[in-house]
Amino acid sequence: MRNLCCLILLLFALSSAPPLRAADPEDKVVGLLDGLLFFATNDKVSEVTEEMQEAAATLDPKLMADLRLRLAKAFPEQKNYQLLGRHTQNVLQQYESWVVPSKDLCLKIDSRGPTADNGIKLHVQLWQEKKVLVKCDAVLKPANPVFIGGPNWRGGRLVFVVVQK
Amino acid sequence: MNQNPNQPSQEEALTRFIDGEASVPQPSLPPEWLTEKAAAQQVGNLLRAHLPAHQEPPSEEFFVSQLMQKIAEESPQLAPISNVIAPSFWSRFRVWLAPLATAAAVLVVGGVVLQQKAATTEQKLAKMTTIGSRIQAYTPDPKVSASLKFDDSAQATVINLVGLEAVPDTQEIKAYNVASSRASSPGAPQQFFAANDPTKLLFVMFPGQDGAPAIHELH
């Protein structure tokens, strides 16, 4: 009986992810967030692309510094955090939003409604090309970003950051 | 059913024919009647040869058993009566026990399979970690696990994915600086423009199989 309950719970959990829905242009915006892809490394990033320069230039320097400090605390194995890409995206009330700072690592977001303290309850899925890496329910607040430690790359690691604006 | 009660029945006619009381024209004889008569004559000969004429059989059962024994002795190609094995306890109940045993086996196998599935379920549920009501996570790849915590020092929710396959060093990470976007109409491909140039279309995203994004780059 207990095993059956566990099976039912798992099926419920797996089916709780919202289905793919096309965006509706009339859908209400419930929030704005930044999806940032960082390369966490202990080495100096020698190659800086045009996109990296643009992403860094458009991000508030104070926010960038603050994020780097926080990332170093959350992932103490790496010292340097190089911003690779950025995507500022509205969160829609009823329909999914895609946050794509990179073709290689992107985030699908569904709103689960606002919180009492100006946050947003989200269902997020981190995708690496055609493969979903993790499905999460998370609460995003202006003061509390979400950090997702992703796959290793070139001696460092890719870290996806979601910040509420 | 005999249509005419005055006419002898088929069985009666056969008995009378065997006993020699009735003579039937040869061409109208059914072939099995001749066989029956020959068998009856053989039995009669056997009885006459082995039983005194003045002695009557003690009982019907004895008569039949003696007769069958003698026939068996005279006909070695037939299986002797003593070789007919009486059904044992097991064979009597085998007919009943077989379906029961099958049902029990199905139940046992089903139970084992269900238990294994439940064990897998528990393993997967174990991967769904919850920190208060703040966050829940699930990793579809069984080799990947997600450790979740609210990091007080970073004041951030941290999802640490462990066991992921590394991105090959030779692969370039294609990054963008993208402005907010939404589809022009429900179901239409979504267009993504550059944050610093609203006229610069960077890529188009199509909904792919199993919800996977299909990105078509333009720049």
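How many helices and strands are there in chain B? In this predicted model, chain B has 4 helices and 8 strands.

**View 1. Order of the elements in chain B.** Read from the N terminus, chain B runs α-α-α-α-β-β-β-β-β-β-β-β.

View 2. Chain B has 219 residues, and 21% of them are buried. The accessible surface of this chain is about 15200 Å². Carbon and sulfur atoms contribute 59% of that surface. Among the contacts in chain B with a separation of 6 or more, 10% join residues 24 or more positions apart.

**View 3. Asn118(A) in a loop of chain A.** Asn118(A) sits between β4 (106-114) and β5 (120-128) of chain A, in the loop that links the two strands. The phi of Asn118(A) is positive, near 65 degrees, in a residue other than glycine. Is Asn118(A) buried or exposed? Asn118(A) counts as exposed because its relative accessibility is 61%, and the cut-off for exposed is over 50%.

**View 4. Arg154(A) in another loop of chain A.** Where does Arg154(A) lie? Arg154(A) is found in the loop between β7 (146-153) and β8 (156-164) of chain A. Although Arg154(A) is not a glycine, its phi is positive, at about 50 degrees. The relative accessible area of Arg154(A) is 29%, so this residue is partly exposed: buried would need a value under 20%, and exposed a value over 50%.

Notes: Residues numbered from 1 in each chain as written. Chains lettered and ligands numbered in written order. Predicted model: local features only at pLDDT ≥ 70, side-chain atom pairs only at ≥ 80, totals over all residues. Heavy atoms only, no water. Buried < 20%, exposed > 50% of the residue type's maximum accessible area, 1.4 Å probe, protein only. Contact = heavy atoms within 4.5 Å. Areas by Shrake-Rupley, 256 points an atom, 1.4 Å probe, with all protein chains shown as cover.
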